[in-house]
Amino acid sequence: MQLAVWTYEGPPHVGAMRVATAMRGVHYVLHAPQGDTYADLLFTMIERRAARPPVTYTTFQARDLGGDTAELFKAAVLDAHERFRPQAMLVGASCTAELIQDDPGGLARTLGLPIPVVPLELPSYQRKENWGASETFYQLVRAMAGPHAPPPGTKRDPRPTDRAPRCNLLGATALGFRHRDDVAEITRLLGAMGIEVSVCAPLGATPADLARLGEADFNVVLYPEIAGQAASWLKRSFGQPSTTVVPIGVAATRRFVAEVAQLAGLATTPDEAALRLPWYSKSVDSTYLTGKRVFVFGDATHAIAAAHAAQHELGFEVVGLGSYSREFGREIREAAKSYGVEPLITDDYLDVEQAIAALQPELVLGTQMERHIAKKLGIPCAVISAPVHVQDFPARHSPQMGFEGANVLFDTWVHPLMMGLEEHLLAMFREDFEFHDGAKPSHLGGGAQLAPEMGIGAAPAAQPLPAPAAVTPHAAAGDSIAWGPDAEQELKKIPFFVRGKARRNTERFAAERGIATITLETLYDAKAHYAR
Amino acid sequence: MSLASAPSTAGCAQPPILRERGQHEVFCGLTGIVWLHRKIQDAFFLVVGSRTCAHLLQSAAGVMIFAEPRFATAIIDERDLAGLADCNDELDRVVTRLIERRPDIRMLFLVGSCPSEVIKLDLSRAAQRLSKRFAPKVRVLNYSGSGIETTFTQGEDACLAALVPEMPAEPGTARSLLVVGALAEVVEDQMLRHFAALGVGPVRFLPGRSAAELPAIGSGTRYLLAQPFLGDTARLLESRGATRIAAPFPLGAEGTTRWLRAAAEAWGTPEGKIREVTEAGEIRARAAVSRHRAKLEGQSIFFFPDSQLEIPLARFLSRELGMRLTEVGTPYLHRAHMAEEMALLPDGVQLSEGQHVDRQLDRCRAARPDLTVCGLGLANPLEAEGFATKWSIELVFTPIQGYDQAGDLAGLFSRPLDRRTRLEL
């Protein structure tokens, strides 16, 4: 048993729902008890879908467990087929139905429906959401495209020279972080290179579309967590090569373009007219980004890509890299090694919180969960990976991939940080009346004297950063360190947004040296010690 | 003025009830944890279940999940499924670790789920065993919030029912009032003031704010349900000698007056005193409600089943706001507890119990209601079809009972309609 408050991933049948909901003409009958329909609201609320997910739940109850749950399941399949008339169906069990062993695949077969019915075996007690999505997509691709595969060993005909190269885009699903806009961005990028997208799947595809996956010249794997397995089957069955580079970041997009050009047999250089990240990053205001210590956590694909862009394209220093995608542990470990940091492969958010508290980064790039950890610790943060909340399914175009994606990354990651000019001004005028500790941000109405009337506690900026007492190593030891009045006074001169860090560093410095009272000397000794 | 505005068509004592089964688009009882843990401040809720259960709680709890909530899931994995003995050891290990980490916890609920029920993990024995180990500091209880047994708010019923045997016995036959059902603190405080003015008391609440101090119960205990979904709790309270005061639920001006009046009459409060105490609140509530009447009067409303609050809400909307009821769905209809409400419903309302969601959606589309009350899985899809909706879970999390919340309650229903008239899209 694992004690969990937060889970980075849902159960595998939620992954199957993400595939079914992404597609058209597919219906999923899920053998599940009352209550499992909660997952519908992930799609209707977080992704704001305007239609119910194409999922029917059998809703068995305690009184059904005597024996007629199998009949209930068959009735639900027939009913769903009659009502929704899908081109293909998925059938499977949620975690509870897995325990009662009704065999959805076998039961559905006995019904002799006139459409393909794909049974899903999703081991809920071992696997998770992304695995479920990957397995579901793979099973659907096999079932639909399989009958069109040439005999094993058949060599693929070269593309007729009078036809444009064609590829499939694989891996985008419902409830995917920025999948909608990544697909649009990559489709545009490929179009500019003269490459047609044959089928985009699962997002927007029908079962009939899956049947013609083999017609494309190659596959673009957008999200390896979801499409890797299907792509390698397509390679085995149709001889289709697939891309290995995920185009997140400038360098990755350039490498992706080169890889695609090679697969398509084209000699193309990308059009970078709309790419602004490199110049923005070189402009002098970005100098202050140099060496900002960043902690990166997310699914493996986004975490590895973000770490590369952070270090090499924004000039940050990656001080931590991790992922909850255990299936991609090897890739994460390799990437971590290249930054000289310890890889963190865990699905326990408390481990992540501990790592962030210990490393004290200046920026966290992570999921919704890291957003909250960072908020608690008073560290700026941007979201780079699922799981995400409703605000990360934005109305505006916000890809992560391609050149526009790179522009989005720059804005998104830099925004939570103090921009260079702002940081400079705050340091310069920190004793100025407008920038004193009690001053409120100007967007809250200016003067601190307004605060009590507005019902906002006075001097919000002066609030000490929430001390992570329970997580910092020295505090856990239970020893208390006193601050001398001169040191305390001097500490107040440090800008509030780095004061928490200075306080913690100084206290750690003192604790390590057995200093009971922090003096002015200790403060500056610590500053020298931690200076980069 | 009090009840003069009641429509003459009231009287739904024997309305037709459509009983349905099929897909239920509802939450399971685990969801109750999300508000119960806020209410009982020294209790921790440990769900013994699957990753699905943890994911459900996370989805239902929203941002609350990040605020050190007093609930968690012990996720069963494949090793636990191999043998039951192992499963109990694992549970003990998880609970021990939890109690060490959270020394502020005085009561721990082991909450059963569908997976734990199906593998027949005996949580009541586990609770006894762990209670012995952690006595006297922590009491360990258990109940089931599984979807195979409970729908949404029934999780609160199961939790409170688990508390009833723990309540100390009231010596003798001293008279007291027990208000049953989790209410917002602000509502509790208002109710306390009203009861004090009516000379009703002592008044106790179940659940109280502390699990460590449960109210006493005995043959002098009269209890008043503040929520309509408490069938099992009521049964157990009666087995301990308590007697129910029949009343409609305290929603709206009329509901609140009738609810307070029922208690006052049981205490023998003189009629003049009852009028005096209820009139001011009722006038205030009616004034607040009337501001929403223009938007809601004559509009039709359709309820999908969710919380068992549907019938009392429909009564309020029909009698105090002049809405037309089409279908009122409820996951479960307790005939005795709902009798006073049913008597106030207008003729011709279609009640339904249980659900076959696709057929119910067909009926909803055919009825073309002006406003549809439903869960979050249905709300946006119905809006996209052109139906105005009010998502129902908000009605469970928002303080809506009592005089001073009646206007807010009406506002929850008028706002979606107001919004549709404002948007020029």
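Analyst: A salt bridge is a side-chain nitrogen of Lys or Arg within 4 Å of a carboxyl oxygen of Asp or Glu. This is a predicted model, in which local features need pLDDT of at least 70 and side-chain atom pairs count only at pLDDT 80 or more, while totals for chains, interfaces and linings use all residues. Residues are numbered from 1 along each chain as its sequence is written, chains are lettered from A and ligands numbered from 1 in the order in which they are written, and side-chain values use heavy atoms, with hydrogens and water left out.

Over all chains, the structure holds 55 salt bridges. One of them joins the side chains of B:E188 and B:R209, with an N to O distance of 2.8 Å. B:E188 belongs to helix α8 (residues 185-198) of chain B and B:R209 to the loop between β7 (203-206) and β8 (221-225), so this pair ties together parts 21 residues apart in sequence. Helices (H or I, at least four residues) and strands (E, at least two) are DSSP runs, numbered from the N terminus.

B:E188 is buried, because its relative accessibility is 3%. B:R209, at 32%, counts as partly exposed.

B:R209 also meets B:D189 in a salt bridge, at 3.3 Å from N to O. Here too the loop between β7 and β8 is tied to helix α8 of chain B, so the parts brought together are 20 residues apart in sequence. B:D189 has 33% relative accessibility and therefore counts as partly exposed. Through shared partners, salt bridges join B:K39, B:E185, B:E188, B:D189 and B:R209 into one network.

Another salt bridge in chain B pairs B:R79 with B:D77, whose closest N and O atoms are 3.1 Å apart. B:D77 is buried, because its relative accessible area is 16%.

Salt bridges also occur between the chains: four are counted between chain A and chain B. One of the pairs in such a bridge is B:D358 and A:R52, with closest N and O atoms 3.0 Å apart.

On the side of chain A that touches chain B, the elements supplying at least two residues each include β1 (2-4), α1 (12-22), α2 (40-46) and α15 (368-377). The largest share, five residues, comes from α2(A). By class, this side of chain A has 27 nonpolar, 16 polar and 14 charged residues. Ala, Val, Leu, Ile, Met, Phe, Trp, Tyr, Cys and Pro count as nonpolar, Asp, Glu, Lys and Arg as charged, and the others, Gly among them, as polar.

In contact terms (heavy atoms within 4.5 Å), 57 residues of chain A meet 64 residues of chain B. The two chains bury about 5100 Å² between them, 60% of it on carbon and sulfur atoms. Of the chain A side, A:M1, A:L3 and A:Q34 lose the most area to chain B, together 19% of what that side buries. Buried area is the accessible area (1.4 Å probe) that two parts lose on being put together, summed over both.

Covalent links between cysteines are a separate count. With a disulfide taken as a pair of cysteine sulfur atoms within 2.5 Å, there are zero disulfides over all chains. For A:C200, the nearest cysteine sulfur is that of A:C167, 9.6 Å away. A:C200 is buried, at 16% relative accessibility. For B:C159, the nearest cysteine sulfur belongs to B:C28, 14 Å away. B:C159 is buried as well, at 0%.

A:C200 is also one of the residues touched by A:A205, along with A:A22, A:M23, A:R24, A:V199 and A:L210, leaving out residues up to four places away in sequence. A:A205 sits in the loop between β7 (196-202) and α8 (207-211) of chain A, and is buried at 1%.

Methods: Buried < 20%, exposed > 50% of the residue type's maximum accessible area, 1.4 Å probe, protein only.
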